[in-house]
Amino acid sequence: MLAAVPVVLAALVFAAIPPDVRQEYLQRVRNHPIDWIILGLGFALFLAQIWLCRRALIWQDQLGDFDISTDRWLSHLAQGAEWFPLLGLMGTVIAILQTFSTITPGARPDAAEIIRKYAPAITATGGGLYMAFINILPSWIANVGRDLIRTFGGPALLPEAMDAE
């Protein structure tokens with residue numbers, strides 16, 4: 001059940017975005033490959049971490065503790081979350097360059113045209129930040145969840161109690 005917490009938090013953050021903004025984002029993402037890369041890698045990494053988080057939270061009776069073999073991979077994958085803001089920033093810079101390259105030198109484009117052309121830059125930033133956020137959650141939940149299970153599972157689950165037996 002604890003492994004579902006990152007999924008719920010990711011959905012809550014997405015749902016908290018105003019509907020018109022969410023719709024605008026989803027419409028713009030369709031046309032920008034950098035956003036596809038950010039979202040595709042982000043969700044793949046997230047799903048892998050959720051699977052590992054679930055495994056990390058299963059008590060192993062034969063070990064008298066949790067299976068720590070997943071910890072290394074959870075740590076590595078959580079570090080991958082650091083790349084998403086950088087990918088978002090790269091997408092932002094690319095979209096800004098694309099915007100300014102379409103403006104004819106000496107022309108005076110109106111503000112609406114500049115905003116329309118500049119908007120894709122913001123989708124890459126938003127996607128990168130969202131993917132970074134949701135990809136730090138599974139590792140954190142695995143660590144906090146283990147402590148909660150040990151604390152509320154009673155003394156029989158604590159490693160010190162196992163050593164005393």
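1. Surface. The chain exposes about 10200 Å², and carbon and sulfur atoms supply 69% of that area. Accessible areas here come from the Shrake-Rupley method with a 1.4 Å probe; for residues, only the protein chains shown count as cover.

2. Basis. This is a predicted model: local features need pLDDT of at least 70, side-chain atom pairs count only at pLDDT 80 or more, and totals for chains, interfaces and linings use all residues. Residues are numbered from 1 along each chain as its sequence is written, and side-chain values use heavy atoms, with hydrogens and water left out.

3. Overall dimensions. The chain has a radius of gyration of 22 Å, whereas a compact globule of 165 residues would have one near 15 Å. That radius is taken over C-alpha atoms, and the globule rule is 2.2 Å times the number of residues to the power 0.38. Along its principal axes the C-alpha trace spans about 80 × 30 × 20 Å.

4. Secondary structure. The chain holds 7 helices and 2 strands. Their order along the sequence is α-α-α-β-β-α-α-α-α. Helices (H or I, at least four residues) and strands (E, at least two) are DSSP runs, numbered from the N terminus.

5. Burial and contacts. Of the 165 residues, 38% count as buried. Buried means under 20% relative accessible area, exposed over 50%, and partly exposed in between (1.4 Å probe, protein chains only). Take the contacts between residues at least 6 apart in sequence: 75% of them join residues at least 24 apart. Contact means heavy atoms within 4.5 Å.

6. Charges. The chain carries 11 positive and 14 negative charges, and their mean positions are 13 Å apart. Lys and Arg count as positive and Asp and Glu as negative; His and the chain ends are not counted. Each charge is placed at NZ of Lys, CZ of Arg, CG of Asp or CD of Glu.

7. Helix 3. This helix covers residues 33-56, 24 residues in total. From first C-alpha to last it reaches 34 Å, close to the 34 Å expected at 1.5 Å a residue. The expected span is 1.5 Å times one less than the number of residues. Its buried residues include Ile34, Ile38, Leu45, Phe46, Gln49, Leu52, Cys53 and Ala56. Asp35 is also on the buried list. What covers them includes helix 1 (5-16), helix 2 (19-29), strand 2 (65-66), helix 4 (71-80), helix 5 (83-101) and helix 6 (111-152). As background, an α-helix has 3.6 residues a turn, so residues three or four places apart point the same way.

8. Phe46. This residue sits in helix 3. Phe46 is buried, at a relative accessible area of 5%. Beyond residues up to four places away in sequence, Phe46 touches Pro6, Val7, Ala10, Ile134, Asn135 and Pro138. Val93 is 47 residues from Phe46 along the chain, and their C-alpha atoms are separated by 25 Å.

9. Leu74. Leu74 belongs to helix 4 and is buried, with a relative accessible area of 2%. Leaving out residues up to four places away in sequence, Leu74 touches Gln49, Leu52, Cys53, Ala56, Ser139 and Ala142. Gly106 lies 32 residues from Leu74 in sequence and 53 Å from Leu74 in space, C-alpha to C-alpha.

10. Ser139. Helix 6 contains Ser139. Is Ser139 buried or exposed? Ser139 is buried, with a relative accessible area of 15%. Not counting residues up to four places away in sequence, Ser139 touches Gln49, Leu74 and Ala78.

11. Asp71. Asp71 is also found in helix 4. At 27% relative accessibility, Asp71 counts as partly exposed. Asp71 and Ala56 are 15 residues apart in sequence, and their C-alpha atoms are 7.2 Å apart in space.

12. Thr99. Thr99 lies in helix 5. Its relative accessibility is 3%, so Thr99 counts as buried. Which residues does Thr99 contact, leaving aside neighbours within four places in sequence? They are Ile114, Lys117 and Tyr118. Thr70 is 29 residues from Thr99 along the chain, with the two C-alpha atoms separated by 44 Å.
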